[in-house]
Amino acid sequence: MNKLPIIVVGGGLGGAMAALALGKKGFDVLLLEEGEEFGVIGYGIQLGPNVFWMLDRLGVSEAVLAKALRPKSLVMYDWIDGGVITRIPTGDSFVRRFKKPYVVIHRVDLHGVLLDACRALPNVQMIAKTEVKSFEDLGDRVRVDIADGRKYEGAALIGADGIRSTIRQQMTNEGPPRSLGYVAHRTIVPMSEVNFDVDTDNVVMWSGDGFHIVHYPLREHSLFNVVTVFKTLDMAPTDTDSPHPDLARVYRDSHPTMKKLWGMMDLSRRGWVSHDRDPIRHWSRGRVTLLGDAAHPTLQSLAQGACMAIEDAVCLAELLHDTSGDRVDQSFRQYVNARYLRTARVQYESRYLWDNYYHLGGIEREVMRDTWEKKTEEQVFDCIAWLYDGFKLPQRA
Ligand SMILES: Cc1cc2nc3c(=O)[nH]c(=O)nc-3n(C[C@H](O)[C@H](O)[C@H](O)COP(=O)(O)OP(=O)(O)OC[C@H]3O[C@@H](n4cnc5c(N)ncnc54)[C@H](O)[C@@H]3O)c2cc1C
């Protein structure tokens, strides 16, 4: 057994979960994060039922559920008249169907649970302020070079360094991710400041021609999390009362609640540009592999990017036998084979929903609404079952 640690680059949700899953299997792990600290990214996150099978396996489901909130349903409202387009109840019938709950949680709280569980393991070491610049696969081990000149050696390397992954760039040399021409803004405010008529019990999406807004409560309804996403049209400022020139063409017709929601955002700030990549079939080479957004970055349409990273992490740890000889290469290939179709489907379906469901205008929007309004609860559950039924972990060969 190679006694060098497994190096995980990137301490986001995927990297933290990988460190925990590998640490629990008894591997020595070195988790490297370029940020000043681990786990400080704010805002909310939705977790589908599929992820709880993985959290159960690592014994952290209860800790996550203690910090999470269970919404009553996922609802999509029409941007003009506020009518319900789709409602997925997430109460008893949902749990009966999918065996696990649907929750929303503050990212800091979720990250905190994973990092605390890592800290409880003596074989997991976490180092912040450590930006990995490059790696070298030396055949029997790997080496990473840090921006400040430090070097670390490991038995294997996992790039969990996000959509702009340095490890992936060195592996594939494919350039930056694809921009969708949309930009996201996020905010969290105390619920006491939400003094207009808005649904605060559910995960809500308002969708319309070239934009959507998602909001939900967090931390026992004490916080209100809002994300707005709109197409960047580079419009010149106009004299309408629209909060951003790119929204001017839709603002006048928007439902009054949407206008209030936009009013909560500081849209003059630079937002997050929406990106993804095309799926790939191979993301492992020798002793190096990728995980999460580094491997299969997806749009947030299904709210599953972090869920996929968590599934990746458990699958990878499950398949890694030991880190000696060519077993690593073999285990990493099995891991990619087990994961690429499911994660590619998430990437493709997220794009499909983005273009053909969330951002429609005119008659297309009316057709979509007419189709979805008529679906029964059972039919809606069936549509999403491929994802929410969960990922069956492969057996070691
Ligand atoms: C608006 C929005 C809403 C979303 N909502 C959801 C949701 O509800 N549910 C869900 O499941 N997903 C959601 N996602 C997707 C989710 O945020 C990502 O898929 C997830 O965070 C990916 O995790 P990761 O660990 O792979 O990457 P990241 O979270 O990007 O973490 C990468 C880490 O690596 C570090 N790093 C980067 N480069 C280096 C380097 N060279 N050296 C050392 N460290 C490095 C970074 O600092 C970071 O900490 C959403 C995304 C967006 C944009």
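Student: How many residues surround the ligand?

Tutor: This is a predicted model, in which local features need pLDDT of at least 70, side-chain atom pairs count only at pLDDT 80 or more, and totals for chains, interfaces and linings use all residues. Residues are numbered from 1 along each chain as its sequence is written. The closest are Gly10, Gly12, Gly162, Gly292 and Gly305, and the residues around the ligand number 32.

Student: Which element gives the most to the shell around the ligand?

Tutor: Elements are DSSP runs numbered from the N terminus: helices (H or I, at least four residues) and strands (E, at least two). Helix H1 (13-24), strand S3 (44-47) and helix H9 (305-319) each give two or more residues to this shell. With four residues, the element that gives the most is H9.

Student: Is Tyr43 buried or exposed, or in between?

Tutor: Tyr43 lies in the loop between strand S2 (29-32) and S3, and has a positive phi near 75 degrees although it is a residue other than glycine. A residue is buried with 20 or more other C-beta atoms within 10 Å of its own, exposed with 12 or fewer, and partly exposed in between, with C-beta atoms placed from the backbone. Because Tyr43 has 15 C-beta neighbours inside 10 Å, it counts as partly exposed.

Student: What is the phi of Lys129?

Tutor: Lys129 is found in the loop between strand S7 (124-127) and strand S8 (132-137). Lys129 is not a glycine, yet its phi is positive, at about 50 degrees.

Notes: A residue is near a molecule or strand if its C-beta atom, placed from the backbone, lies within 6 Å of it.
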